[in-house]
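Please have a look at the model first.

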Amino acid sequence: MNQEHIHPIRYVALRTGLKPHLIRTWEDRYGVVRPHRTRSNRRLYCDGEVHRLKLLKAVVDCGHNISSVAPLPDDALQRLLAREEREESDRLRDGGADAGESDISVSGVGEDA
């Protein structure tokens, strides 16, 4: 997959909702993305890496530990999110939670990859 690395970390933070220091931590600690480095050592991310970070944030927001989900490929993260969304829908349908209590928001995660 030969994608251009064009997005600075500031853009990635805005697109994903992650703080720049957390993106760098996930990169260094878990290897979730491998951005290109410029000659001045600035990170540049491709669209696929932005998409992956969005997926990871959504999964972590559902309650999963980053250390558990970081090694998963994108398709497995997508399946995990779909399962979480179905389970949340089932809980709401069965009256297990008020509609206002749901904080799972995965719509749009797979739209701009």
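How do the axes of H1 and H2 come together, and at what angle do they cross? They come within 9 Å and cross at roughly 100°, with axes taken as lines fitted to C-alpha atoms over the stretch in contact and angles running from 0 to 180 degrees between N-to-C directions. H1 and H2 are therefore roughly perpendicular to each other, a label for angles of 65 to 115 degrees.

This is a predicted model, where local features need pLDDT of at least 70, side-chain atom pairs count only at pLDDT 80 or more, and totals for chains, interfaces and linings use all residues. Residues are numbered from 1 along each chain as its sequence is written, and side-chain values use heavy atoms, leaving out hydrogens and water.

Helices (H or I, at least four residues) and strands (E, at least two) are DSSP runs, numbered from the N terminus.

| Residues of H1 | Relative accessible area (1.4 Å probe, protein chains only) |
|---|---|
| Ile9, Val12, Ala13, Thr16 | buried (under 20%) |
| Arg10, Leu14 | exposed (over 50%) |

Seen down the axis of H1, the buried residues fall within an arc of 100°, so they line one face of the helix; the arc is that of the directions from the helix axis to the C-beta atoms. Their cover includes strand E1 (7-8), helix H2 (20-30), strand E3 (43-45) and helix H3 (47-61). In H2, the contacts (heavy atoms within 4.5 Å) of Ile9, Val12, Ala13 and Thr16 are Pro20, Ile23 and Arg24. Just after H1, glycine 17 has a positive phi of about 85°.

Notes. Angles under 35 degrees count as roughly parallel, over 145 as roughly antiparallel, 65 to 115 as roughly perpendicular and the rest as oblique.
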